[in-house]
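Please keep the sequence and the model in view while reading the points below.

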Amino acid sequence: MAGIKLFPIAGMNNVSADDALQRGGDAPKLFVRDALNVDISDTGRIALRKGADQVSALNFKNIWQSPLHKDVFATLDHDVVLVNPRDWSHRILGENIVGQYASYKVVNNLVYICTDIDLFVFDGVALTALNVPLPYFSKEPILGDGGQLPHGNYVIAMSLLKNGRESGLSESRLIKIDNDLTQTNPDFAINSLKKIQINILELKLLNIDAVRVYITYTNGSVLRHYDDFNINGLGSNIDILSVDKLGFEAQFENYSPMPIGKFFDFWNGRLLTADKNIIYFSEPLAYHLNDEKYGFVMLPQRITFLMPVDGGIWVGQVDHVVFLSGGQPDEMTFIRKTAHAPVPSSAMLVDSETVGSDISQGGAKSALWLAENGYVIGTSTGQIIELHAGTLKGITSKSGRSVRLGRRIITALG
């Protein structure tokens with residue numbers, strides 16, 4: 001009995017009618033309704049997809065390999081660990097710093113890690129917190145004798161220093177040194193010279209290196225550097241004695257620690273995080289700081305993925321995708337794109353070798369994600385290419401994770 005000759009398999013098609021699945025002519029091919037646990041080659045050959053072996057009894061999650069160092073990171077319970085993929089042994093880098101998720105990014109030879117608890121940085125030796133806490137006045141500053149501050153108004157504020165990074169500024173405090181004594185008794189004018197005392201007892205409980213103090217000149221309006229005070233060996237108070245030798249202006253007024261988010265990336269010299277429907281931007285080269293006034297973009301729906309490219313940022317929404325074009329947070333233009341719902345967390349960055357030079361438009365990397373109608377490419381200039389439009393539909397999942405294996409993109413749905 002002669003066997004049935006099958007045309008080369010062209011892939012899946014659950015959109016066309018049954019009589020459109022088989023196509024003849026000089027290049028005959030056959031579409032199938034479903035292809036489970038098989039790979040289809042470019043020439044239409046079918047091969048059984050390779051299985052998987054259990055490599056560890058431990059429940060590693062959020063596994064990621066650094067493209068630069070080839071180190072493998074993961075989370076285990078609530079810890080961030082470094083994994084040896086040869087024998088799947090591990091070393092704990094940070095304890096109790098993860099809830100459910102962790103994301104990673106290499107920036108300037110350092111690995112930045114965003115968890116649902118905080119942001120961290122790994123320098124190849126140790127894992128440390130990226131953010132520096134905001135200082136606060138636990139008690140109102142008071143005036144004391146023995147200083148060189150004449151009568152007038154002063155504004156003071158503080159920041160904290162940790163590992164060479166400076167926090168945002170605390171709330172400022174207005175201090176008034178009364179001049180009544182000088183006016184009523186000029187012979188005792190010297191007695192009106194005061195000092196300002198700042199209580200830092202509670203700040204010493206924070207994991208910081210030093211306290212930086214700013215003050216204005218007498219009746220001035222610009223905060224300037226007074227001095228840095230190493231936290232070790234300090235008493236309970238810092239004394240501001242005079243304003244004769246003030247330094248540089250304060251830089252980080254209205255800045256706060258960089259917020260965490262479920263989605264985490266790096267773009268245009270800034271760290272990005274996304275939480276709910278808001279994207280937060282760090283300051284350029286000050287990745288631990290976020291501008292409270294301008295360092296965010298709010299979108300109409302919950303964010304389902306975040307993928308920066310050269311010309312902007314592709315952002316997944318609940319039922320569509322948008323492209324944010326522009327170079328700075330306060331300059332971005334909101335452009336609504338495809339109306340097909342993307343699979344949450346399925347986006348990845350792909351190079352020209354994967355998508356071809358025509359699509360990559362000169363070698364620029366593109367975003368790729370899985371939507372309800374198949375894979376979609378978002379170019380670096382904001383163009384949409386729906387690779388499986390007209391052949392696939394109905395793909396849904398709560399989340400997905402896409403990886404490149406050779407020239408093939410595989411997305412695991414969960």
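Trp64 and Phe73 are both buried, where buried means under 20% relative accessible area, exposed over 50% and partly exposed in between, with a 1.4 Å probe and protein chains only. The model is a predicted one, in which local features need pLDDT of at least 70 and side-chain atom pairs count only at pLDDT 80 or more, while totals for chains, interfaces and linings use all residues. Residues are numbered from 1 along each chain as its sequence is written, and side-chain values use heavy atoms, with hydrogens and water left out.

**Aromatic pairs**

- A pair of aromatic rings is described by the distance of the centres and the angle of the planes.
- Rings of Phe, Tyr and Trp (its six-membered ring) pair if their centres lie within 6.5 Å; planes under 30 degrees apart count as stacked, over 60 as edge-to-face and the rest as tilted.
- The whole structure contains 13 aromatic pairs.
- The pair of Trp64 and Phe73 is tilted, because the ring centres are 5.7 Å apart and the planes stand at 40°.
- Tyr112 and Tyr287 make an edge-to-face pair, with 5.6 Å from centre to centre and 90° between the planes.
- This pair joins distant parts of the chain, since Tyr112 belongs to strand E11 (residues 110–115) and Tyr287 to strand E26 (residues 286–291), 175 residues apart; helices (H or I, at least four residues) and strands (E, at least two) are DSSP runs, numbered from the N terminus.
- Tyr112 is buried at 8% relative accessibility, and Tyr287 is buried at 7%.
- One aromatic cluster is formed by Trp64, Phe73, Tyr104 and Phe122.

**Nonpolar cores**

- A nonpolar core is a set of buried Ala, Val, Leu, Ile, Met, Phe, Trp, Tyr and Cys residues joined through side-chain atoms within 4.5 Å.
- The largest nonpolar core has 25 residues, of which Ile198, Val211 and Ile215 touch the most other members.
- The elements giving two or more residues to this core are strands E15 (152–162), E17 (173–177), E18 (194–199), E19 (210–215), E20 (224–230) and E21 (237–240).
- Strand E15 supplies the largest share of this core, with four residues.
- Beyond its neighbours within four places in sequence, Ile198 has contacts that include Phe137, Ile156, Met158, Val213 and Ile240, a contact being heavy atoms within 4.5 Å.
- Another core, of 15 residues, lies apart from the largest one, and Trp267, Phe281, Leu299 and Leu324 are among its members.

**Salt bridges**

- The structure has 14 salt bridges, each defined as a side-chain nitrogen of Lys or Arg within 4 Å of a carboxyl oxygen of Asp or Glu.
- Lys105 and Asp265 form a salt bridge at 3.2 Å, N to O.
- Lys105 in strand E10 (residues 102–107) and Asp265 in strand E23 (residues 263–267) are 160 residues apart, and the pair links these distant parts of the chain.
- Lys105 is partly exposed at 26% relative accessible area, whereas Asp265 is buried at 8%.
- Lys194 and Asp145 form a salt bridge in which the closest N and O atoms are 2.7 Å apart.
- Lys194 lies in strand E18 and Asp145 in strand E14 (residues 142–149), so this pair ties together parts 49 residues apart in sequence.
- Lys194 is partly exposed at 21% relative accessibility, while Asp145 is exposed at 54%.
- Glu140, Glu171 and Arg173 are joined in a network of salt bridges.

**An open sheet**

- Strands E1, E3 and E2 form an open sheet in the order E1-E3-E2, with mixed pairing; two strands pair if DSSP finds at least two bridges between them.
- Strand E1 (9–12) and strand E2 (22–23) are at the edges with a single partner strand each, so one side of each has no neighbour in the sheet.
- Strands E2 and E3 (residues 29–32) pair in the antiparallel sense over two bridges, and Leu30 in E3 is the bridge partner of Gln22.

**The chain as a whole**

- The protein chain has three helices and 37 strands.
- Its radius of gyration is 29 Å, well over the 22 Å that the globule rule gives for 414 residues, so the chain is more spread out than a compact globule.
- The radius of gyration is taken over C-alpha atoms, and the globule rule is 2.2 Å times the number of residues to the power 0.38.
- The C-alpha trace spans about 125 × 45 × 30 Å along its principal axes.
- Of the 414 residues, 44% count as buried.
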